[in-house]
Structure formats: C-alpha cells, structure tokens
Amino acid sequence: SLLSGVAVSNPGHLVSPSGRFPKSPPFSCAPWVSPPPKHTAVAFLKTHKTASTTVQNLLFRFAERHNVTVALPHHACDHQFCYPHNFSARFVHPYTLPPRLIASHLRFNHKELRHLMPNDTIYITILREPVAMFESLFSYYNQYCPAFRRVPNGSMETFLDNPSQYYRPHEKYAMYAHNTLVYDLGGDPEHSPEDSAYLPKFIRQIEGIFSLVMLAEYFDESLVLLRHLLAWDLEDILYVKLNMRSLESKLNISSARVAAQIRAWNALDAGLYDHFNATFWRKLSKMDHGCLQKEVQALHQACERLARHCFRGQPQLRPAMQIKNKDLRPWQPSTKVDIVGYDLPGSGPHSDEQCLKLVMPEVQYSRYLLRKQSLKNRRRAIPIGPSRHPPVRPCHVAGAALFILFIDLLHICPTFLQRPEVSA
C-alpha cells in the first residue's frame, strides 16, 4: 500500500485477525452489465489520526470531478466545523449550501447532519487501533492538549503511569487525550467503562447510522468496500498518503506494558475498535477471497501508476520548508512535530491539476474548494419557489459568527455554563 504510518495489509497475504480468511459466499468480480449511477450523497465523519485526511482528499477530488457540492466550514470555524463543539448546521458556509458531501472534521451530531444533508446520504467513517492512534495523538497535539503539555519532558510513558495527574476533562482540547474516537462519534468519553450497558448501546446507535466503518490498518480493503457501497470506479479511490509525520516525530511504544496502559486509559475506544474490527471482517467475508485480492491488487497497481505519472517515479516525501510550491506545504501543528508532504516535478501554475489535487494538504484544498464554490454560488441566480435551503442573508452569516464567538467564550469562562451533557 502507498499508505504509511499504519499497518496496511499486504494485498498478497490477506489474513483475518484469527489468522485465516473466513469462508464466504462468492462475490462476483465481473463488471456490472448495467452500471448503477454513482452515489454522490456522502457524509464522512473525519476522525483524528486515522488516515482520514487521505480519505477526505479522495472525496474532495471525486466531488470536483462530478460537480458535487461539498459542505465547508464557515470562515469563523477555519477548516474544521468549529471542532470540538458539537456540529451545528450554523457552522456551514452559506455558499456551500445545499451540499451532497461533507468530509471535514466535526463532532458527530446526527440530528444536525440529517437536517443539512439529503435523505439519501450514506454515512461512513474510519477508525484506527487505539495504541497506534494514541501515540499519534500524543505526538501531534503535544502543544495543543493541556494534559500533554503538563507532562515533564513530553514523556508519554510518564503520562500513562498516572493520567489523572495531568488530565482535566473540562478543558478545551481535552478530547485529544482520552477516548478520542468516542468523542468524535458524539459519545461520552468520560463514561465509566465499568458500566457494561453504555458501550453496546452506543455501538448499536453507530451501526444504525453508518453503512461502513473503515479501518486504517486495512486501508486498501476499506476502499474496496467503499467503492462497492457507492458504486464508484477504481479511479475514484486512488490516493497517496497525506498528513504524515516524519520518522523523527514518532514516539516509540517500547513495551507491551505501555500498549496495555494505552488501551486501559482509552477503554471505550478500545472496545469500540474491537467491535468494528470484527464487523469489518464480517463484511469482507461476504466477498470472495480471490475477488477481493484482485481488487486490492488492482487498486495498488493503479495508485503506483498514478504516482509514477505525477512524480516521474516514486513519491518523495519532504519537510514542509523544502517544498517549493507553498500551496503544497502541509500545516505544522508545532515545532516539535514535522509533517511531511510532496513537491511535484515542475510544480507551479502549469502542473498537472490532477496531481496537484492528489497531494494538496487539507487546509489548502478546503480553502480552494470554498473559493471555487463561492464563485459558482455568486454567479448562480437565487431560485424562485420553495427550497430546502432558503437564501442566506448577511444577517445570518453575522449571526453564525456571533454564535461561534459566544460558545468560544464559554470555553474561556466555563463558570458561565456547566459542561453540556454528552449524548450518544
């Protein structure tokens, strides 16, 4: 696989967690006699440090190729939907309404998304094994999360020896330090894992909404499932790895003891992942093994061909400041973490647009799409008659900005408001 930073399976040696591929009914590899229309209404819950930026990029590129409107954050929210606040339709830029695709970071709120998105929307997300994910979170957000900043010498082992000494659940960005997957999915990261009823109920709710939960460890297999779910072509799921840390920025998980501590501290995330890991393999079991192998191999080869075309060989990762094209420099979370990216041969105004979009970082791509859709929106006449999304007036935009400012102030002055009850 072209994805690094996660343990992607070898297409030639696909095995289940039990060590053997489950027996399954045959799944036809033959192309559709009459291809169904591609499904374009998609809500992707972009979770943190799970290879989700790579998924977002291929969704953005699909939307551009097929003229699909993408919901994008209001300027006051930057490139995320005012995360870590619960998602609200108020956070969506008015020039990106009505959308058929949403893929930027948000805290899941099904009621608000259901109001925003079409009725035929398919919900998908991606998870990552909690030990690898927590190491990535600890490294990436060491200057943002207060719990991580308090740890002497930035030691993950020191934090895990006594998390409660450093962790304060009511602080802004606390969710990066504890059960981040559950938080992103709209659950209660502070709920006691001793309550045996909570997590199964939460999982049932997730299963009732999401048609596909992908796994970062089996990225190519996840994309094959996604392609079949949405009736997309192979070209719609091509990718290169994005938003990766340099090797020097990664922390070493030195022992089984540390891994066990991470899973114990993030017990809800661990239970969530274990469940959907088993679910993922049940989905794969419905495909013929040989067919799945062929599809994964075809994806792998197509990604390599695209990389050779764009990079004139294998992609070469570079530190941000060595990338000549500023539009391709990834955002750096802190001076302690180096996020690497790509330059393109002859990178500049005349570079292959397909290749530019393939390696464009999240922040730049989001801003590009917003400019593009804003221009299209301004050129389009306001439709006459009933509409699901009435024209947005300047007062609505100002109101959204004031609303965002207000809830930010509540984080600064928490005595004005108790921590809201978190529902699943």
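Does Asn 243 count as buried, partly exposed or exposed, and at what relative accessibility?What is the relative accessibility of Asn 243?

**View 1. Asn 243 in its loop.** The relative accessibility of Asn 243 is 27%, so the residue counts as partly exposed. (Buried means under 20% relative accessible area, exposed over 50%, partly exposed in between, with a 1.4 Å probe and protein chains only.) Asn 243 lies between helix 8 (219-230) and strand 6 (244-245). Its phi is near 55°, positive although the residue is not glycine. The model is predicted: local features need pLDDT of at least 70, side-chain atom pairs pLDDT 80 or more, while totals for chains, interfaces and linings use all residues. Numbering starts from 1 along each chain as its sequence is written, and side-chain values use heavy atoms, without hydrogens and water.

**View 2. The loop between strand 2 (70-71) and strand 3 (101-102).** Helices (H or I, at least four residues) and strands (E, at least two) are DSSP runs, numbered from the N terminus. The Tyr 83 to Pro 84 peptide bond is cis, with omega near 15°. Leu 97 and Pro 98 are also joined by a cis bond, omega about -10°. Asp 78 belongs to the loop too. Its phi is near 65°, again positive in a non-glycine residue. Asp 78 is partly exposed, at 48% relative accessibility.

**View 3. Helix 1 (residues 52-65) against helix 13 (residues 362-379).** The helices pack at about 25°, with axes 11 Å apart. Axes are lines fitted to C-alpha atoms, for helices over the stretch in contact; angles run from 0 to 180 degrees between N-to-C directions. Residues in contact (heavy atoms within 4.5 Å) include Phe 60 and Arg 61 of helix 1, and Tyr 365 and Leu 369 of helix 13.
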